[in-house]
Amino acid sequence: MELSKNYIPGEVEIKWYKHWVDSGYFHSTPNDKKAYTVVIPPPNVTGVLHMGHCLNNTIQDILVRRARMQGFNPCWVPGTDHASIATEAKVVAMLRERGIPKSSLTRDEFLGYAWEWKEKYGGIILQQLRKMGCSLDWERTSFTMDADYYESVIKVFVDLYKKGKIYRGKRMINWDVRAKTALSDEELIHKEVAGKIYHLRYKLDIPGDEYITIATVRPETILGDSAICVHPKDDRYKHLVGKFAFVPLINRRIPIIADDYVEIEFGTGALKVTPAHDINDFMLGQKYNLEVIDTMNDDGTLSEAAGLYIGQDRIEVRKIITKDLDAAGNLVKIEDYTHQVGFSERTDAIVEPRLSLQWWVDMKKLAAPALEAVMSDEISFHPAKFKNLYRHWMEGIKDWCISRQLWWGHRIPAWYDEEGNIYVAHNEAEVNANHPETKGKKLTQDADCLDTWFSSWLWPFEVFKGLSNPNNAEVNYYYPTSTLVTAPEIIFFWVARMIIAGEEYMGKIPFKDVYFTGIVRDKQGRKMSKSLGNSPDLLGLIDQYGADAVRFGIMIASPAGNDLLFDESTLEQGRNFNNKLWNATKLLKMWEARQNKEGEIPEDAKFAMDWFQTKLTSTQNEVDEMLKTFRLSEALKTIYGLIWDDFCSWYLEWIKPGFEQPMHQGVYEKTVEYYDALLQLLHPFMPFITEEIHHTLKTQTEDLCIKLYTPTSKVDDAVLNAGALLQNVISTLRDARNKNQIKPKDAIELHIQTSNNAPYQTIQKILAKQINASDIQYTSSAIAASIVVALEKDKFYIVSDQAIDTASLKENLLKDLAHQKGFLISVSKKLDNEKFVQNAKPDVLAIEQKKKADTLARIQTIEESLAQLG
RNA sequence: GGGGGCAUAGCUCAGUUGGUUUAGAGCAUCUGCCUUACAAGCAGAGGGUCCGCGGUUCGAACCCGUGUGCCCCCA
């Protein structure tokens, strides 16, 4: 078989992915093996794959493929999130393009369009995951608005309501006065607006004619003031804290309070607090129990509560009240001021912060067992630093606002009668059944939907129908899941809440390990974003470099727990690595055709095989340990080095036969075995090329994808050391050749002066090949007219036709000597220190003594060499 | 405003309870090679006040304090 010059990933990837899926390798059903379950963090249903998904899913695939090869029964569940806000926004935008305003549609008509949209675009991201090689169990694809899933979300709402954990309360939202609807933060457009800042003085309720001056950009809201706030350390106002002032024009008496929220430098340092019309003021209001005076109607006109200007628009009122304040003597000055104002994306109206009734989950008690699960390490976070963050948040957990003024999502199962009574049940019939008094009355269901996270917190068990079909065989087998891989920014939105829901509804934690990935940034460290245009086209990259190279590039640059600075050059490195693997394959295929079945395996090949086998085993152990502790990037680097350096650069060169010479069959077969073991180690990271080469090497009885990985035997350090010595001698002598400008093609003669020939005799043939020596001999005295090199306690003399540069030889030896002497001083200092000798552990002491002895011997060798140079 | 994190070679990072040759790797750089698997390659080399200052210790990249500079999350 003729192999192409370079590795070409495209067709290979399509071929193997289809084969794996057709063979059913990714599909799991409960059996007597141990389960390894991973649920995908469901991407937005209408989303497309970006670098964050790529990182996150590559990591999951590595863990899952590895588990598959270790004999677990792995189940990786794919699916998507209905993502109420993002999806609804996309559908609204699509309708607007078609000239259909959302307000012209009924709820059912709108949902019709939304489902249509979902069917059309919902599968894209799942297709893209296939391109990446993700070994997902496609037969289990789930969606947070599947019929059963929907029912379960409603069930949880009703259950928590009955337990008294869900209640209704007031909250500040963004209000569009023109569309008369609430807006999410995502639907706001912030614009810089040139406005004015008004300095207004409020008369103090103390004897005399004294005032306090505040600064505001919204003078019309003073009618809703319920306090004035200053900084506790502000000397200008300290004496006024606890006193009262009067709101101008209406003369309402309000307290003066102190809080370090106030910025001393800003405005006058005194802040008017209007809890009904500003989010920060609202929080201050809650903190200090201030009166909330809502002075605005839903169309933006002033309400009865304002007391003045009732029924006039707030923007008009601003002009009028400014004049009236001036006339009343309360206006100190007006300054120009540029600030950010939120506009409605849809109507371009200035958005008003406004209080409205929302649904909440009381989190305090629910959170307690979930906090405990992480603090006790029942659930492990990787990296562990996120434990602190989690604890801090969980200890100060606030109630969760779960209602959204949207149509796309799980509709809140609450009904209101005309008197405003609330009935929560799974459906209207159940309301009637439980509350006979409602029969015949007109009931209206709450128009709002639930927060998306109120459905995704059920994900780890509801994908196995743990709630819709409790205690079924699958959920009992797959739950709790094994590892969750996700981004740290959703530790509170999602991770914490899944733990809460798992404890509450399954009575068990949802996963044992949580691996937090970094954030994908560009080369300059900026977050990837659409507006910056720094987000690369992932599918384009896969086309250009191959999926394996993309997976390699992204993993090699992802240190555990740190952000990933994406740089296309690592993809190039991945592609080059593919090519390296491909070329090694070509070399083996060449040797396959030229085998020698006669005689014994040569001694030097035996040495090389022995060494590589040991190196392989020891590295496998290292990699196992790294993967156990989620150091995936390090594991990949280690495998990369093992293949490129140890296998290709050292081992293959050591066993390489002479020009057009055959290779002993025993060596060849063992080498294929080693290579296959390397491919297996690499497979979870780069599944396509490893499977391809696995089958190119020889006819296989099974696919690499499911081949069992069986570690490992003990490692003989003596064998490793023998190999390291050989490498060290080769590198040192090559360096000497280089420095003395001996051309690679020119052969040398090598004379070794050592007290122990044996170690060199075993490696002599390999050494000769690797440094291009025509002859190697042993000597007990210096060789004239040679290049001398000192290594450990031994000396090497290189004889060649090249003129010898004694000066530079000397220089190198002197440099080395200086270094050794410096080192000797530092070691001696330690050993001469009585306190060190007394306090250090015995093995540390022994090491230091050995260091000293070695260094002394080395210094002697160098000095002798120098003496010989004259 | 509250909380968390980071600082080691040009870049990205290792460095496990303080002692493993006066700090390691990959990439990048430099030098020499078109050596019959691979120039998407081979061989070799150079490169660091371990952010500053102070402390604990026989001994600090590592522990403590402090300063500085970056980053993230929540409001």
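Tutor: Helices (H or I, at least four residues) and strands (E, at least two) are DSSP runs, numbered from the N terminus. This is a predicted model, in which local features need pLDDT of at least 70 and side-chain atom pairs count only at pLDDT 80 or more, whereas totals for chains, interfaces and linings use all residues. Residues are numbered from 1 along each chain as its sequence is written, chains are lettered from A and ligands numbered from 1 in the order in which they are written, and side-chain values use heavy atoms, with hydrogens and water left out.

Student: Where is the place of P480?

Tutor: P480 sits in the loop between helix 14 (473–478) and strand 22 (481–486).

Student: What is the peptide bond from Y479 to P480?

Tutor: Most residues other than glycine have a negative phi, and most peptide bonds are trans. The bond from Y479 to P480 is cis, with omega near 0 degrees. A cis bond also joins H382 and P383, where omega is about -5 degrees; P383 belongs to the loop between strand 15 (380–382) and helix 10. As for phi, Q741 has a positive value near 55 degrees although this residue is not glycine, and Q741 occupies the loop between helix 23 and strand 28 (748–753).

Student: Which residues come nearest to RNA strand B?

Tutor: A residue is near a strand or molecule if one of its heavy atoms lies within 4 Å of it. There are 48 residues around RNA strand B, of which K580, F659, F823, N833 and F836 come nearest.

Student: Which helix gives the largest share of the surface near RNA strand B?

Tutor: Helix 18 does, with 10 residues. Helices that each supply at least two residues include helix 18 (568–592), helix 20 (632–655) and helix 25 (806–832). Sorted by class (Ala, Val, Leu, Ile, Met, Phe, Trp, Tyr, Cys and Pro are nonpolar; Asp, Glu, Lys and Arg are charged; the others, Gly among them, are polar), this surface has 17 nonpolar, 15 polar and 16 charged residues.

Student: How far does a polar side-chain atom of K580 lie from a phosphate oxygen of RNA strand B?

Tutor: The distance for K580 is 2.6 Å. A sugar or linking oxygen of the RNA is 3.1 Å from a side-chain N or O atom of R734.

Student: How do helix 16 and helix 17 pack?

Tutor: Two packed helices are described by the angle between their axes and the distance between the axes. Axes are lines fitted to C-alpha atoms, for helices over the stretch in contact, and angles run from 0 to 180 degrees between N-to-C directions. Helix 16 (residues 538–545) and helix 17 (residues 547–556) pack at about 115 degrees, with axes 7 Å apart. Helix 16 is therefore roughly perpendicular to helix 17 (under 35 degrees counts as roughly parallel, over 145 as roughly antiparallel, 65 to 115 as roughly perpendicular, the rest as oblique). The contact (heavy atoms within 4.5 Å) involves L538, L541, I542 and Y545 of helix 16 and A547, A549 and V550 of helix 17. By class, that contact has 7 nonpolar, no polar and no charged residues.

Student: How many salt bridges does the structure hold?

Tutor: A salt bridge is a side-chain nitrogen of Lys or Arg within 4 Å of a carboxyl oxygen of Asp or Glu. The structure holds 42. One of them joins R253 and D205, at 2.6 Å from N to O. R253 lies in strand 11 (residues 253–258) and D205 in the loop between strand 7 (188–204) and strand 8 (211–216), so the pair ties together parts 48 residues apart in sequence.

How values were computed: Polar contact = N/O pair within 3.5 Å; in protein donor to acceptor, adjacent residues only side chain to side chain.
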